[in-house]
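Welcome, and take a moment to look over the chain before reading on. The report below walks through some of its side-chain pairs, strands and surface features.

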Amino acid sequence: MFKKKDVYELEQNVFQEIGKNWVLISAKNPEGKVNAMTASWGAMGVLWGMETITVYIRQTRYTKEFVDAQDYFTVSLFDGYKKELGILGSKSGRDGDKLSEAGFTLEMVEDQPAFQQSKCVFICKKLYQDDIPMEAMPEDIRERWYADGNYHTMYIAHIVGCYVNE
């Protein structure tokens, strides 16, 4: 069961959560269908006087269509579940029901997608998005991460709700 919590009361290490444990970015489209993707890049902090999260989604990701179609998305944190998050990060929702394949149970929180297996979910309202300009990026980074031309869109969102699973 999810319980609302002030983000300033959280004790998670964002470097551990995003970079090592991975997070799940989820959104629903206007028809109510939910899709999610695993991410290991992102940031959390304060911007424009608001608690924010920044996520990066590649142009080819199906989840991008869902995030682009709505004002809100969620970011969920997990303890473990690396195998399941691996499925959600390597398969496309275009090709089947990867949420069921991963065994995750959908639960709506503030009318946004969350999963019973997660320990925490952030309800995020988009504030800003932009494609990362390749020409402004150092060449070594461009060659390592974007040789195929499949670049990221950056999304900055206000964390309007934080829920922990108790």
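## Terms and ground rules

A salt bridge here is a side-chain nitrogen of Lys or Arg within 4 Å of a carboxyl oxygen of Asp or Glu. Helices (H or I, at least four residues) and strands (E, at least two) are DSSP runs, numbered from the N terminus.

This is a predicted model, in which local features need pLDDT of at least 70 and side-chain atom pairs count only at pLDDT 80 or more, while totals for chains, interfaces and linings use all residues. Residues are numbered from 1 along each chain as its sequence is written, and side-chain values use heavy atoms, with hydrogens and water left out.

## Salt bridges across the chain

How many salt bridges does a search of the whole structure find? The search gives 6. One of them joins aspartate 111 to lysine 28, with 2.9 Å from N to O. Aspartate 111 sits in the loop between E7 and E8, and lysine 28 belongs to strand E2 (residues 23–28), so this pair ties together parts 83 residues apart in sequence. Lysine 28 has a relative accessible area of 16%, so it is buried; the word buried means under 20% relative accessible area, exposed means over 50%, and partly exposed lies in between (1.4 Å probe, protein chains only).

Another salt bridge connects glutamate 110 with lysine 4, whose closest N and O atoms are 3.5 Å apart. This pair also links distant parts of the chain: glutamate 110 is in the loop between strand E7 (106–109) and strand E8 (112–115), lysine 4 is in strand E1 (residues 2–4), and 106 residues separate them. With 39% relative accessibility, glutamate 110 is partly exposed.

## Strand E6 and its neighbours

Strand E6 (residues 72–77) has 5 of its 6 residues buried, so the rest of the structure largely encloses this strand. E6 runs antiparallel to E2, and 4 bridges join them; strands count as paired if DSSP finds at least two bridges between them. Leucine 77 in E6 stands opposite valine 23.

E6 is also antiparallel to strand E9 (residues 120–131), with 6 bridges between them. Here tyrosine 72 has lysine 125 in E9 as its bridge partner.

## The two sides of helix H1

Which residues are buried in helix H1 (residues 14–21)? They are Glu17, Ile18 and Asn21. Viewed down the axis of H1, the buried residues fall within an arc of 125 degrees, so they line one face of the helix; the arc is that of the directions from the helix axis to the C-beta atoms.

Their cover includes E2, strand E3 (34–39), E4, E6 and helix H3 (82–90), where contact means heavy atoms within 4.5 Å. On the face of H1 turned away from its buried side are the exposed residues Phe15 and Lys20.
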